[in-house]
Each structure stands twice: as structure tokens, then as C-alpha cells.
Amino acid sequence: MPYLTRRGLAASALLALSARPGSTQPAYPSQPIRVIVPFSAGTSDTIARLVGQEMSKALGQPVVVENRAGAGGNIGTEATARATPDGYTICLGTISSHAINPGIFPRLPYDVQRDFAPITQLAAQPNALAVTQNFPARDVAELVARLKARPGETVFASSGVGTSVHLAGALFAQLTGTQIEHVPYRGSGQVTTALLSGEVPMAFDNLSSVLPFAREGKLRILGVTGLERSAAAPEIPTVADTVPGFESLSWHGFFAPAATPPAVIARLHREAVAALAAPVVAARFQELGITPVGNTPEAFRAFVASETTRWGEVARRAQIRIE
């Protein structure tokens, strides 16, 4: 019998005992729930803490966020995959950990479809195509024309090799038939600094990271990377207005280890979706330009599978691999 199956049966038996009248096993949850965020402080951390704080009110137990960064999100994500499937350890998965990494790491220490039970997609956020204030191109059409006229001369920055914004740049080059050299930095903060100083002429980055500087007139955003304009910045057009089919959304969701009992998944799903509707969460999401989702576990699993295929193909065409 496979290891995960044995663990799942044990966890299911434990849950069944807790539901029996007179059982000595406490009802779920009877202890704090740990949310592993496989990245350092940033948007992922913010989402996990906002939603977790609201969930704790309904669950009657603390929801504790633990940042376990490293290896492009693989360390914390693997830790969740190997955790006991009892509902007390879940993770905040992202487009990087659960859709891009399978296509760029040849020896990924976990299997996205096999090792996780999706709970719900929490959020989606567009990225932004930003340029320096004095960059010659004033819109996406002018940028594409400039890139075609000067192939390979322009670079774009991202927050690291294999990140969602790196793949956004690769997809942009593929759909426009242009050549853009990639310059990776160590985090979004360094990307913004490089743009503001003129060290790089353009970058793909999270909208929430560059929007404040654009509103101060320190850089310009040529387009957002969703198919629709962002409610946080409706005055900015989409890249897809000029490059049909271009879409690059950063997304976040809760995952439990595979074989976590269905009743536990259902409870976590219910409280996570309710938390997304809480006024404090909705208001903060709106400030950051984040759209709440709250889909079913089945819909989230199908979405992750689609994203894994899509970004795996982009990475293959761009020859992006991390050994």
C-alpha cells in the first residue's frame, strides 16, 4: 500500500473517531493550524496572514504563519507535502511553487498533482510592465516596434530566474516575436530600485510593487498583465490590448498534504472562502490590486493542472531550466 494512502487511512480513521459520540478524540481543529509560506515576507506572506487571522476566529484555533523560504519555494512546499495529512499543516502555494517550478526544476522534490489536496485559490493579481520615466516608448505598441527594430539590445528585469515575472517576460517575447535579454535580481525591491535608478530600462513586476512609484511619477506602467484592467488602476491599459492573448497573473491558494480527510478539506475551504469576504480582507485586497477567488477544491485542482501545462510550455520554449 503506498505510503500516502496508509497515512490517509490513519488520518481518516482519526477523524471518524473524533465524530463518534463519547469519543475521547477532540473535534477538528483542537490545536493551532500551521500555514507554511515558502517565501520570505511579501505579498504571499500578507495574503496568508490576512486570511489566516480571519479563519482563526471561526475555527477557534490560531492559524500560525511560518515562512520557510528557499530554492524558489521548493523547501517550504516539500515540507507541506511530507507533513502528516491531519489538517494541522497546510501551505500557501503560488504560481511559482505549484505551476512554474514543475517545468523548470528537473528534480522537483514533490509532485503537484500527487502530493497535495487543493483547498481553494485565494487570490489573483496582475503583474505590470513598467519602464523608466524617460524610456522612449510611450505605450506597448511603441515598445514592440522598438524591440523589433533593435533585437537583443533591450533588457528586462525580474525578481529572479524562474519567477512568474521572469516567465511573463518570456511569454511577452514569444507572443511579440521579439528578443529581450533577462536580468534577474534578488527580489522585487531590487527590481524597483534598478528601475528608479535607470540601471535597467524595463521590468515585469507585481502591480502592487510598482504602482505607488508610477503614481508619484517616478516610473511608468505601460500595461497590466491581466486580460482586464485592474480595479486598483483602471486608467492603465492591459498588455493584451496590444498583444492578444497575453496574460500573466500571480496567484495564491491553500493546499493541504495529499490524503487529508475530505471533511477537513471541506472545513478549511468553507472558512477560507468566508474569510475572503470579510471586510478587512476585502479592503486590503482592493488596496493591493488583488482579486479574491474562493473556488472549489475541484476547480482549483483543474486550474493548477492547466497553469502547470501552460507555463511549462513557455519555459520549454524559452529554455528556462534550474539545475
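Predicted model: local features only at pLDDT ≥ 70, side-chain atom pairs only at ≥ 80, totals over all residues.
Just after α8, Gly217 adopts a positive phi of about 80 degrees.

At the level of the whole protein chain, 11 helices and 10 strands are found. The radius of gyration is 21 Å, close to the 20 Å that the globule rule gives for 323 residues, so the chain is as compact as a globular protein of that length. The C-alpha trace spans about 75 × 40 × 30 Å along its principal axes. Buried residues make up 52% of the 323 residues, and, among contacts with a separation of 6 or more, 78% are accounted for by residues 24 or more positions apart. The protein chain exposes about 13800 Å², of which carbon and sulfur atoms supply 54%.

The largest pocket has a volume of about 910 Å³. It is lined by 37 residues, of which Phe39, Ser159, Thr163, Gly187 and Ser188 are the closest to its centre. Two or more lining residues are given to this pocket by each of α2 (43-59), α4 (95-104), α6 (164-176), β7 (202-206), α8 (207-215) and β9 (249-257), and the largest share, 4 residues, comes from α4. By class, the lining of the largest pocket comprises 13 nonpolar, 22 polar and 2 charged residues.

The second largest pocket holds about 460 Å³ of space, and of the 22 residues that line it, those closest to its centre are Ala124, Pro126, Glu247, Leu249 and Thr291. At least two residues of this lining are supplied by each of β4 (116-132), β9, α10 (279-288) and α11 (297-318). The lining of the second largest pocket divides into 11 nonpolar, 6 polar and 5 charged residues.

Val112, Gln113, Phe116, Pro118, Phe255, Arg301 and Val304 form the lining of the largest cavity, to which β4 and α11 are the elements that give two or more residues. By class, this lining consists of 5 nonpolar residues, 1 polar residue and 1 charged residue.

Several backbone features remain to be described. Most residues other than glycine have a negative phi, and most peptide bonds are trans. The peptide bond from Tyr28 to Pro29, however, is cis, with omega near -5 degrees, and Pro29 is placed in the loop between α1 (3-19) and β1 (33-37). Ala71, although not a glycine, has a positive phi of about 55 degrees; this residue lies in the loop between β2 (63-67) and α3 (74-82) and is partly exposed, with a relative accessible area of 46%. Gln319, likewise a residue other than glycine, has a positive phi near 60 degrees and is found in the segment after α11. Because residues over 50% relative accessible area are classed as exposed, Gln319, at 71% relative accessibility, counts as exposed.

Definitions and conventions: Residues numbered from 1 in each chain as written. Heavy atoms only, no water. 1 Å grid on protein atoms, 1.4 Å probe; cavity = no way out; pocket = protein on both sides within 12 Å on 5 of 7 lines; lining within 4 Å. Points joined across faces, edges and corners; volume = space filled by probe spheres on them. Nonpolar A, V, L, I, M, F, W, Y, C, P; charged D, E, K, R; others polar. Rg over C-alpha atoms; globule rule 2.2 N^0.38 Å. Buried < 20%, exposed > 50% of the residue type's maximum accessible area, 1.4 Å probe, protein only. Contact = heavy atoms within 4.5 Å. Areas by Shrake-Rupley, 256 points an atom, 1.4 Å probe, with all protein chains shown as cover.
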